[in-house]
Amino acid sequence: MTKRLGIFGYPLHHSLSPLFQQAALDALGIDARFEGWPTPPEKFAEAVEGLRADDCLGCCITLPHKEAALELVDELDAAAEKIGAINTIVNSGGRLKGYNTDAPGFIRGLRESAGFEPEGKSVLVLGAGGAARGIVYALREAGVSRMAIANRTEERAQALARDMSRARFRPDAMSLSIDQLANFAPYADLIVNATSMGMRGSSAVEESPVPPELISGSALCYDAVYVPPMTPFLEAGEDAGAQIAGGLSMLIYQGAEGFKLWTGQDAPVDVMFDAIPPTMRSV
Ligand code: NAP
């Protein structure tokens with residue numbers, strides 16, 4: 001029986017997951033189809049129930065369902081519970097378990113594609129949504145020395161900093177208002193854009209969350225956004241003379257973690273990267 005996998009999101013037109021996941025399944029000769037499943041919020045709970053079918057291995061989850069999905073699975077992986085968002089569900093005999101693979105995917109991309117070791121570094125994360133939750137958790141686990149979170153809606157940054165500071169990690173994450181960015185950004189070794197600013201389809205597609213004058217020339221600017229590959233935030237980083245990296249590595253490595261969970265096999269990451277059209281590849 002051909003197995004089914006897919007990605008839930010709404011809208012879903014920017015997703016590259018079906019392309020690179022199918023390439024990986026085909027490369028390993030796994031009889032499965034990876035599909036795009038555009039699903040509005042009001043249909044999401046019913047659609048997740050459908051994952052329990054015998055022919056379904058599980059799914060990926062993207063915007064805007066990552067937090068809603070927490071309530072719909074039978075079990076949560078321990079890290080996903082702390083992060084408070086899931087992007088992967090595995091179906092084992094009708095039982096659904098939720099995982100957050102954004103966190104390990106981000107760190108692997110940071111280390112292997114951007115060549116950046118976060119341990120002991122000072123980091124600024126912009127955004128406090130589902131992606132930021134995984135990124136903040138992963139950076140704290142990796143042993144950063146200072147961590148600040150800034151978000152348009154300040155209460156969300158405060159809540160994220162509070163949630164993560166309750167976990168067993170040091171140091172505490174602090175929240176900043178956007179007006180306070182100048183007090184931290186110029187001293188950050190790593191600045192991560194985990195907002196949707198700059199993303200195709202966003203109302204802020206032409207805006208950067210940080211201006212170039214607040215970015216140190218010795219920093220790395222990492223943008224979780226991967227469509228388009230070059231964003232206003234990365235342009236600001238380039239103008240400041242900083243190193244820049246787009247979000248494709250996080251996308252591929254979070255997908256590789258999911259692939260292993262669904263199939264039990266290591267994902268062929270080279271095949272996944274090669275499946276991305278050259279015009280979509282990150283800097
Ligand atoms: P989300 O939960 O909807 O959060 C969106 C975040 O962006 C919030 O912090 C929001 O601030 C902020 N934001 C949205 N519009 C803004 C604007 N006009 N000005 C300032 N801030 C704004 O989304 P998400 O799942 O975290 O995703 C965020 C981004 O990360 C998306 O671009 C997504 O494509 C990307 N992402 C990439 C990967 C990858 O593998 N590379 C994985 C996951 C996500 P408020 O709280 O104030 O609304």
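Pro11 belongs to the loop between β1 (3–9) and α1 (17–27); helices (H or I, at least four residues) and strands (E, at least two) are DSSP runs, numbered from the N terminus. The peptide bond that leads from Tyr10 into Pro11 is cis, with omega near -5°. Pro64 is placed in the loop between β3 (56–61) and β4 (75–76).

This is a predicted model, in which local features need pLDDT of at least 70 and side-chain atom pairs count only at pLDDT 80 or more, while totals for chains, interfaces and linings use all residues. Residues are numbered from 1 along each chain as its sequence is written, and side-chain values use heavy atoms, with hydrogens and water left out.

**The ligand site**

The ligand sits in the largest pocket. A pocket is an open set of points on a 1 Å grid over the protein atoms alone, where a 1.4 Å probe fits, with protein on both sides within 12 Å along at least five of seven lines; a molecule sits in it if more than half of its atoms lie within 2 Å of its grid points.

Around the ligand there are 24 residues, of which Ala131, Asn151, Thr153, Arg156 and Ala224 come nearest. A residue counts as near if one of its heavy atoms lies within 4 Å of the molecule. By class, this shell has 12 nonpolar, eight polar and four charged residues; Asp, Glu, Lys and Arg count as charged, Ala, Val, Leu, Ile, Met, Phe, Trp, Tyr, Cys and Pro as nonpolar, and the others, Gly among them, as polar.

Domain 1 (3–100 + 249–280) and domain 2 (103–246) each give the shell at least three residues, with bounds from an automatic or database domain assignment. At least two shell residues come from each of α5 (130–141) and α8 (248–263).

| Residue | Protein part | Distance |
|---|---|---|
| Thr153 | side chain | 2.5 Å |
| Arg156 | side chain | 2.7 Å |
| Leu251 | backbone | 3.2 Å |

The protein covers 86% of the 920 Å² of accessible area that the ligand has on its own, by the Shrake-Rupley method with a 1.4 Å probe.

**Thr195**

Thr195 lies in the loop between β10 (190–193) and β11 (220–223). Its side chain makes a polar contact with the side chain of Asn193 at 2.7 Å. A polar contact is a pair of N or O atoms within 3.5 Å; within protein, one must be able to donate a hydrogen and the other to accept it, and residues adjacent in sequence count only if both atoms are side-chain atoms. The side chain of Thr195 also reaches the backbone nitrogen of Met197, at 3.0 Å.

Terms used
1 Å grid on protein atoms, 1.4 Å probe; cavity = no way out; pocket = protein on both sides within 12 Å on 5 of 7 lines; lining within 4 Å.
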